[in-house]
Amino acid sequence: MALWMLMRELVSLSNLVGPLAEKVVDACADGLSWAFSSLSRLLDVEADLDKLRRTVRRIHALLKDAEETRFIEDSQVRLWLSELKDIAFDAEDLLDEIRTRVHVSKLQASRKRKQPWRSFSVNPVWLLSWKISRKVAEISEKYRAIAEDRENLHLREGESRRKAQVREERLPPEAGSLQGEPLIVGIDDKKREIVRLLISGGGDDVAVVSVVAAGGIGKTTLARLAFDDQEVVNFFPLKFWVGVSQGFDVKKTTKEIIEVMTEERCEPLNLELLQRRLQQLVSGRKFLLVLDGVWNEEQYYWEVLRAPLMAGGNGSRVLVTTRSELVSRNMRTLPPIHLNGLEEEHCWSLFQDLAFERGAWDRHRNLAEIGRKIVKKCQGSPLAVRSIGGLLYNKTDEEEWKSVLSDLPDPDDDAYKILLTLKVSYDHLPLHLKQSFAFCSIFPNGYEFDRDELVKLWIAVGLVKPRGMRSLENIGGKYFDYLLWRSFFHISSSSNQQSKLKYKMPGLIHELAQSVSEHECLRFENNAVHGESGNSRYVVSCLQNMDPIAFHKIYENQSLRAFILLPENGVPTKQVPYDLFLNLKHLRALDLRQNELVVLPDAIGNLIHLRFLNLYGTQIERLPESVSNLYNLQVLELGECNKLLELPKGMSNLVNLRHLGLHLNWDKHRNRWIDLISMPPGIGQLTFLRTLSRFSVSGESGCGLGQLKDLNLRGELCISKLENVVDVKDAKDANLKNKKYIDFLMLKWSESTCSNSLAGSEEVIENLHPNTNIRTLWIDNYNGTSFPNWLQDQSFSNLDTLRLSNCRRCGVLPLVGKLPQLRNLYLEGLPEVQHMGRVVPGNGNTMGFPLLEMLFISNMHKLESWYEVIQGEMACLKKLVISDCPNIKELSHLPCSLEYFEMGNCQKLLSLPMLPQLHELVIKGGTGEIIRWIRQLPSLSSLTVSQLSRVKSVPRGYLHNLKILRELKIEGCDKLESLALQDLASLEFLEVSSCRKLSSFAEGGLPATLKEFRLRFCDDLKSLPTRMHLLPSLNHMEIRNVPMLTSLPTEGLSYSLKYLAISGCALLQQRCERNGADWPKIQHIPLREIGDRSSS
């Protein structure tokens, strides 16, 4: 105690008298390091620690025995088990606190830290010792009492009904590739019936098709099959899928649809504004909307939800899956499709595929009879079959199969539910998987899980147990893969090839998770509390505001380990209650993502158990320095915090940090983000770090590139402010060449200083040679005159995407045509490049760009000629974009595979070769001569032309060859005076905007196939096209800012119109008001927006 007090006095003295006292403190620290390196001995609590460790081991053994080998059927036993878990949590927390204090003291001694961790320097040593001893005694006493209860409840060895032995099964070899995709058998007829209802007939209204069945029967799987059917894909130009779980009201459902359609987060708006936004999105467009898992049985729900959807184009459909017949009736659907489960033979076929690998059944015929009885008990539920089949995968013990059969409920029992069958699959999970699965119940039904994020949360709250030399992330990933294989998760329908996979729990599985976790998990959702409060360990809040009453309810759970605040309703939170950190001192995971937090209270430094802190997408500029006290922190997520200026200076203390997420969407935030001032000093000491999304170089001591040397990073790494590299040696010390797990690398110089750097940029980049496993490379604002030699090295055999942007002094492109896997190439802002040259120099024996699919060329003002392509090169190129290259004169030898071509501000480019497979063409800027070439592209289905300065008219017959053109946009052609488009026999969408001198459409009107017509900012146009009343398919029409337009055509408008919007046309708006002269011409239209008013 005397030593401790002496050290504290010396530390205090150093703050008062400065450097002299600091030297004294350092000398004493050297002499007394043994005291800090063994806090447990100093406190004389070693015996208590041993007792606590033994107690924890006994508790875990008891839990394992109870959970893995016994059926817990009695409510008293379940309560006993819950109390046992509470003791386990408390014991682990105490052990973690002591362990943390010991490790922190060692770190302080080894680093000669002048200021002790604030969280550990408050209590006198004798008081701390007494508290620890008292807590250990309390836990031991609780354990003795509950052990006695075990005897009273007859839970001695050999008593109570026992399960088959649980063991860790290996996953099937194809499990990784299956990724939770359902094996489909026996529902082809139902799928064809749905497809027929979706694509047959037209009708004026948006028809609703419903699939009705009990949970676990396969509604979602069937809907997904129909959604992905090729006929459906071809029929609906717009398809989107929305999971609608219990508790979704009209506003939440509407908002979710908008977000799925736009792929952007929707700002919180009132219902009327949301409906107007949705109406605009679907107006006139034929769509398929899937509402999966509808629970809301109120008539009002559908009546309000359907109103904006009615603006959709003819043939639009809504496909609904539900457990409720009343939902189907309220939505006035076409005759519902009922699923009664799979035929028994189909279930048997599915079960066989899951229980054994192909061909293995022949060696285990003795199990077939038992297997058929198991399948019969699954009652046609594919979810139950998958779950039990996965449970028995590759198990050959006949007794084990019989045990599972006896565990399954009798389908003739009145109490039978599929949920009870799924419970058997849960009962047979090992304890660590049960706990990991139950944790997921805190998230709302329908929540989309990110695999990596979920694993990090499991690790943080202590559910992932170390095993050998494997990383915790690897072990936790195997947990997830096993649960995925056993059908506790499936791939979300929103996942696609371009985005990272997301996963969901089937609705019935989520109900199962809630039923087994009611004592541990608490969820605040839809202004209701789900779960038991008082001793919960995990909480998720989806409340619409920071309700003090709700937080008081949360604070009742003093031993809470995880608190997750989900912004599900789009209501931003700007601050966290200060007392959160005072009341919830045992938190291990804190998730405050996607809120408008600007500041985090300094008190967060008191959370000594905290391992996971998620601030993704917040508005935070600086973290409090107290974050450096979070010794146990493993995950600090600051991705998309585009206002973040700096990290705490003492971050090198976070020696357990494994993931520092600093990702930014560079394109999205190009002009709206602020780079870090610098990295905190000594970040290279964080040797457990696996993720470091961004590294901002500084010339300050301990902040240079050399800090990356010993970090075994993976995933994404952006190195910014490379102009601050002081010594080329620092670039070499970064050791990028040996970082084989980095797959995305960005090398970035600051735009404002791209002409200056402390070390030669060419030498720096030459020494930043990445590992050849890299998949994406982006070099931005590089100010050297030549690219590094390693860039054209064929050994980059995995490089998929290369982006060279704003390299203003480079005059010669690197020879990257030989890169074998390159699929996407971006060349932007290279003003000194005049010729792109040969794809591959030499005699032509090697074909250049063998897999290139997309080429983007932009802002290259001196470029005169593009690649010299020989026959067979670029054979896979599908998309080509060339913009702001005013001196390029020709594009010879374009590959025939091209499907999309966009050309902008290339005034000297007047003609192009024939492109027989070109479907979509966009031309921006130029004189208009290029239109002659357009006439020779009969394969075009979409055409956009804008800012063609010399085009005065498009006469009749000029575009006659474009027989399959469906979409035409004409924008900003200032001299265009007349249009004749009636020869476009397949045209469905027409938009004419910002053509200020357009005065007329040719006689004959518009094509009869037209479905959507938009007219905007045409100052001189005085009349609409003739024969508007004879367009049988027209359902959407907008007229905006056409001030000279004073009336609608005498004959009126088509009776097929379902949506009409008129704004910025003062005289016309007056005539279209109720009782106005043109009111009779529009009163038949269901949805009208005249000026600022909407009506129906």
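1. Contacts across the chain. Among contacts (heavy atoms within 4.5 Å) between residues at least 6 apart in sequence, 61% join residues at least 24 apart. This is a predicted model, in which local features need pLDDT of at least 70 and side-chain atom pairs count only at pLDDT 80 or more, while totals for chains, interfaces and linings use all residues. Residues are numbered from 1 along each chain as its sequence is written, and side-chain values use heavy atoms, with hydrogens and water left out.

2. Totals. The chain has 31 helices and 37 strands; helices (H or I, at least four residues) and strands (E, at least two) are DSSP runs, numbered from the N terminus. Of its 1096 residues, 55% count as buried. Buried means under 20% relative accessible area, exposed means over 50%, and partly exposed lies in between (1.4 Å probe, protein chains only). The accessible surface comes to about 46300 Å², with 48% of it belonging to carbon and sulfur atoms; such areas come from the Shrake-Rupley method with a 1.4 Å probe, and for residues only the protein chains shown count as cover.

3. A five-strand sheet. An open sheet has the strand order β2-β3-β4-β1-β5, with parallel pairing. Two strands pair if DSSP finds at least two bridges between them. The edges are β2 (238-243) and β5 (337-338); each has a single partner strand, so one side of each is left without a neighbour in the sheet. Six bridges join β3 (residues 287-294) to β4 (residues 317-322) in the parallel sense, and L288 has R317 in β4 as its bridge partner. Helix α12 (residues 250-262) lies across β2 and β3, at about 135 degrees to β2. Axes here are lines fitted to C-alpha atoms, for helices over the stretch in contact, and angles run from 0 to 180 degrees between N-to-C directions.

4. Strand β27. Five of the five residues of β27 (residues 942-946) are buried, so this strand is largely enclosed by the rest of the structure. In a regular strand the side chains alternate between the two faces of the sheet. In β27, S942, T944 and S946 lie on one side and L943 and V945 on the other, and all are buried. Strand β26 (residues 920-924) pairs with β27 in the parallel sense over five bridges, with L921 opposite L943. Strand β29 (residues 967-971) also runs parallel to β27 and is joined to β27 by five bridges; there, I970 is the bridge partner of V945.

5. Helix α24. The buried residues of α24 (residues 507-515) are L508, I509, H510, L512 and A513. What do the buried residues of α24 pack against? They pack against α18 (382-391), α20 (418-427), α21 (431-439) and β8 (521-525).

6. Two single residues. D86 is found in helix α6 (residues 75-111) and is buried, with a relative accessible area of 15%. Leaving aside neighbours within four places in sequence, D86 is in contact with N535 and R537. Q685 is in the loop between β15 (659-661) and β16 (691-692), and counts as partly exposed at 40% relative accessibility. Q685 and Q707 are 22 residues apart in sequence and 7.8 Å apart in space, C-alpha to C-alpha.

7. Cysteines. A disulfide is a pair of cysteine sulfur atoms within 2.5 Å, and by this rule the count is zero. C347 is in no disulfide, and the nearest cysteine sulfur, that of C378, is 7.0 Å away. C347 is buried at 1% relative accessible area, and C718 counts as buried at 0% relative accessibility.
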